[in-house]
Amino acid sequence: MTFANSPQANQVSPSLQPKGWLRYLSFSLDHKVIGLQYLVCGFLFYLIGGALASAIRIELSSPISDFLARDVYNQVLTLHGTIMIFLWIVPVVNGAFGNYLIPFYVGARDMAFPRLNAVAFWLIPPAGLMLISSYFITGAAESGWTAYPPLSITTPAAGQIIWILSVLLLGGSSIFGGINFIATILKLRRPGLKLMQLPMYCWAMLGTSILVVLSTPVLAGTLILLSFDIVAHTGFFNPTLGGNVIVYQHLFWFYSHPAVYIMVLPAFGLVSEILPVHCRKPLFGYATMVYSIMAIVVLGLMVWAHHMFTSGTPPWMRLFFTIATSFIAVPTGIKFFNWVATLWGGRISLNSAVLFSCGFIVNFVLGGITGVALAQVPFDVHVHDTYFVVAHFHYIVYGGSVFVIFSSIYHWYPKFTGKMLNEHLGRFHFVLTFIGFNLCFAPQHWLGLNGMPRRVAEYDPQFAFVNQLSSVGALIMAISTLPFLWNVIQSAFNGDVAGDNPWQGLTPEWLTSSPPPVENWQGEAPLVTEPYGYGITNEELAVEPSINDDIQIPQDK
Amino acid sequence: MTTITPLDETNKVQVSKDQEHEDHRLFGLVAFLVADGMTFAGFFAAYLTFKSVNPLLPDAVYELELPLPTLNTVLLLVSSATFHRASKALKISDSKECQRWLMITAGLGLAFLISQMFEYFTLPFGLTDNLYASTFYALTGFHGLHVTLGAFMILIVWWQARSPGGRITSENQFPLEAAELYWHFVDGIWVILFIILYLL
């Protein structure tokens, strides 16, 4: 059998197609199965986290705590934060799309360590179930996803210990995944494929994985010390025993600030894959994109104390971390302008994937602007621990990462299943999500500036109207999930057949069948050195003429 | 599920062959050790901050005895050298010699653990006495856990090298190389720990 010479090298015989949904419940070593396991598992946790968010918004639509008791409210917001970060966004933007796409992009048949990969995934469901069941059995942790001592030491111990155990498991999963991605991207590249020819998502995952490997262990060590404080009554972070709570904050944010980039850098990469395909233009400024990812990785590791400006941080530290944080706006701005320039003059098809990506660009720049504002000490001291901060980070993690997750699902669903999603439902989903999201979180800036504290079930009655507005937005967001769910479920059965390459994409995952066979290609992996070579007519000009002749097309190089 | 026909079975083997890649397990281990090292870095940073920000009351300050930890340092450093001898012996296919050096290395590791235990029992403070005591036990205990794991690894490698037709030969050295890399890492951490905890 000589596949490589056959003209149908990329046509896969049906018997090699994956079959049977039970594989998705098995300890499969196939990177595509594991990727979809991450995605579906993450989405189920997203529904749970979303239900908790709805409970929070119902509670906050009146100034008194009537819907949830105060301690239940604390448990609900702790679970909401922990689930959304550790069980939805981090596993999905890294684990799901990373596992599915990275082996294609480097021209490999699987990840470098398939067995470790499966172990990393299977750590997640038990950790998540343990975390959620703690609510019913012992009462969940009440100290927020930050678990700041002394709060985490003085609140009921059982829930907090279960929280620590599950976060340690999830951290372990994340580290195993990170090691696997680094090895796959650096060591498993197809011969002839250079680093600077890789699709941008590989660079994003490389940067993210470096952050994961360097910072997650610090959180693990810190949580082990915290559990000693709770169980063995040591005094690492307990001021009454001579301990120091500020050290916990430093160690915690040494992980949890990079965690923001662990959630959003892969999203940057995914958007950089989606936009060129649907705009029929090369990604603008490939090299600057790569350098700005690496700059964000380096800077991201040295800005953590900007979360601690009100923790008695000494002035030199405030100055240093303000300046370092402001610097991050530069590489982030470069990426933002590169995406805009990619869109500029392109032949954009305004489908659901592009709409969600554009929604991401809009939301993310708003979240970025408030982020730069929060980096300035005088401003941060004023709004610290208010709803302004809540609004800011939801613009980053929801308006940023979650919008990109939806965009990516619309973009790669044909590859995952071989079926197209319904575009009308997709656009309807986008409109609902975009309106609901902005209605929910934009008013919270105002609430924060006027001094409404976060993480409290009750508030001053003067904030009632704006909170109700925000709750209406949350309701719209909750409803927006329904067309999406209906769409992904019924399209899997009744959707139009997608074919191998419905978007005419050039990146390697489109050069095999949909869904791809086990081991990805029948013959040799294709060598794709120009992943963004859309609209190239000659070597000089890599941009197709614009439809509108008045518009000046920015030209790369 | 019987979806793979014999024909496809042969195809799969053939397909896999042209994608056979080198062994990247050592690279993965190095990445893991970087992560593990960051855990220690976090502990060291916490200890140094505690020490500079939260000074202990004068009556709670103990001078640590140096002879025993110095002996421990020597034990670990020598064990690194003996492990190196073991892997050199394997490279020239001298299995007997390799096993002997592995046994000596495991013995030195065990001696370190016993000596560390002895120190624990003779120290004038316990885990929860004060911040300094807690950090001391957390750091040395976490390191001791690594030494224990490493000693078990050496014994497994020794067992594999010993059994005839075993998994470790001069062609397949990965288990031994992995254990050796890990053991050097644990020794390196101890040297830093010794300087920070006992000498500073």
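**A:H233 sits in the loop between α7 (200-231) and α8 (245-279) of chain A.** Helices here are DSSP runs of H or I with at least four residues, strands are E runs with at least two, and both are numbered from the N terminus. The model is predicted: local features need pLDDT of at least 70, side-chain atom pairs count only at pLDDT 80 or more, and totals for chains, interfaces and linings use all residues. Residues are numbered from 1 along each chain as its sequence is written, while chains are lettered from A and ligands numbered from 1 in the order in which they are written. The phi angle of A:H233 is near 60°, a positive value in a residue other than glycine. Most residues other than glycine have a negative phi. The cut-offs count C-beta atoms, placed from the backbone, within 10 Å of the residue's own: 20 or more others for buried, 12 or fewer for exposed, and partly exposed in between.

**A:D385 has a positive phi, near 60°, and is not a glycine.** A:D385 is in the loop between α12 (377-383) and α13 (387-417) of chain A. A:D385 counts as partly exposed because 13 C-beta neighbours lie inside 10 Å.

Most peptide bonds are trans. A:P150 is in the loop between α4 (124-137) and α5 (151-154) of chain A. A:P515 belongs to the segment after α15 (464-494) of chain A.

**A:F121 is part of helix α3 (residues 114-122) of chain A.** A:F121 is buried, as 23 other C-beta atoms lie within 10 Å. Which residues does A:F121 touch, not counting those up to four places away in sequence? They are A:I34, A:Q37, A:Y38 and A:G95. Contact means that two C-beta atoms, placed from the backbone, lie within 7 Å. A:S133 is twelve residues from A:F121 in sequence, and their C-alpha atoms are 19 Å apart.

**Helix α3(A) packs on helix α6 (residues 157-187) of chain A.** Two packed helices are described by the angle between their axes and the distance between the axes. For α3(A) and α6(A) these are about 155° and 8 Å. The two helices are therefore roughly antiparallel. Axes are lines fitted to C-alpha atoms, for helices over the stretch in contact, and angles between N-to-C directions run from 0 to 180 degrees. Angles under 35 degrees count as roughly parallel, over 145 as roughly antiparallel, 65 to 115 as roughly perpendicular and the rest as oblique. The crossing of α3(A) and α6(A) is left-handed: in such a crossing the near helix is turned anticlockwise from the far one by less than a right angle, and clockwise gives a right-handed one. α3(A) contributes A:L116, A:N117, A:V119 and A:A120 to the contact, and α6(A) contributes A:S173, A:F176, A:G177 and A:N180.

**In chain B, helix α5 (residues 131-162) crosses helix α6 (residues 174-199) at roughly 160°.** Their axes come within 10 Å. α5(B) and α6(B) are therefore roughly antiparallel to each other. Their crossing is left-handed. The α5(B) side of the contact includes B:F136, B:L139, B:H143 and B:H146. The α6(B) side includes B:Y182, B:W183, B:W190 and B:L197. Chain B has six helices and zero strands. Of its 200 residues, 31% count as buried. Contacts between residues 24 or more positions apart account for 78% of those in chain B with a separation of 6 or more.

**The largest nonpolar core holds 204 residues.** Such a core is a set of buried Ala, Val, Leu, Ile, Met, Phe, Trp, Tyr and Cys residues joined through C-beta atoms within 7 Å. The members that touch the most others are A:I89, A:I182, A:C202, A:V213, A:M263, A:V271 and B:L102. Beyond four places in sequence, A:I89 is in contact with A:M84, A:M263, A:V397, A:S401 and A:V402.

For the complex, the predictor gives an ipTM of 0.87 and a pTM of 0.90.
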